[in-house]
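Please look at the sequence and the model first.

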Amino acid sequence: FQAEDGIRDVERSRGLGDVYKRQKLPRGYPIIDPKCILQIVSDYDIIYVYASPPNELFLYLSKTINKRLYEKPIIAVFHSMLEPHRSLLHKLYIPLFVAIYNKFDKLHVLNGYMYKLFTKYYNMPDKKVVFIPNGVDTSIFRFEKHLVNRSPSKYFEILFVSRFIRNKGVITFHKVVETLNEKYPSISKDILFKIAGVGPLKCYIDDLVTRYNNVIYLGFLEKRNLAEEYLRSHMLILTSFIENMPLTLLEASACGLPAVASAIPGVIDVIETVNYGILVKPGNIEGFVRGIVQLYNAWKSSPEHYFNIRKRISERTAVNYDWNIIINRIERMFLEALNMR
């Protein structure tokens, strides 16, 4: 049972709509309702819960007083990052956090940084921490030869897909577009920036669209339309400061789109796995501009070679991140947790 995604099915099947009242913190972390878990725990073999405070504290205390819950394997999945090196709150909370999660059966992490954090720095047993990344639906996001833009006579199209908030690097992206247009006019005339998404910092996007002829805003795109834009484009730019395992990068990679992206956990994993892309220190404007110029030159010098690179990126993404593969790994994790019990 996963509180975030599975609850609506449970509500419908067991009439628990009034029992379960989901509350959200400012960043949207789901908090489970204790009454919901305690009422339905006997119907499930595994508890699979979103790892966010105070869920772990509730489950830890509940296990000590509820025999049925104590007998069930409990797995926490980390969809948000722990950053004790950056966040004072995380640093202060870590000792209690680690002590509690040592009592869980499995910890499901989505990137190599989190795996190393638990196993190397906090000495969690290797068998307890399971590194399984997010997956991508390759029935929608896939390389389609006839849709990929191969013509050198058209613009070099750069796609930015994001929620328009600070952690996604919207201000960094704004400065990158400014810098490239103002300092590299000979290149910028061949470049088209395409922007998809919504969010509170849309004013930065509006400013770019107003000032520059080579910037267009696509609005919010549904999956099928987004897949088409990945295929039509030549490059993804990802300027985030914090990610765990970014779905945007996985989707773009499944369509064979090379990326210039922030060198942060999760992003690093994907770029290294697909074996192509440029990593830039978060917030480094000149670094992003240089990355764009480098990929632009690669495309300009040989569109056909660039096309073949895209095909390889798509193939490596499908082999490593297709949801069918990821689901099988998650299922094995569940079975291991049951066998441990």
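The side chains of glutamate 243 and lysine 168 are joined by a polar contact of 2.8 Å; such a contact is a pair of N or O atoms within 3.5 Å, one able to donate a hydrogen and the other to accept it, with residues adjacent in sequence counted only if both atoms are side-chain atoms. The model is predicted, with local features needing pLDDT of at least 70 and side-chain atom pairs pLDDT 80 or more, while totals for chains, interfaces and linings use all residues. Residues are numbered from 1 along each chain, and side-chain values use heavy atoms, without hydrogens and water.

**Glutamate 243**
- Glutamate 243 sits in the loop between β10 (235–238) and α11 (247–254); helices (H or I, at least four residues) and strands (E, at least two) are DSSP runs numbered from the N terminus.
- Its relative accessibility is 11%, so glutamate 243 counts as buried (under 20% relative accessible area, 1.4 Å probe, protein chains only).
- Beyond four places in sequence, residues in contact (heavy atoms within 4.5 Å) with glutamate 243 include Met81, Ile264 and Val267.

**Helix α12**
- Helix α12 (residues 267–274) is largely enclosed by the rest of the structure, because six of its eight residues are buried.
- Among the buried residues of α12 are Val267, Asp269 and Val270.

**Nonpolar cores**
- The largest nonpolar core has 34 residues, and Val267 and Val270 are among those touching the most other members; a core is a set of buried Ala, Val, Leu, Ile, Met, Phe, Trp, Tyr and Cys residues joined through side-chain atoms within 4.5 Å.
- A second, separate core of 32 residues includes Phe173 and Phe288.

How values were computed:
Buried < 20%, exposed > 50% of the residue type's maximum accessible area, 1.4 Å probe, protein only.
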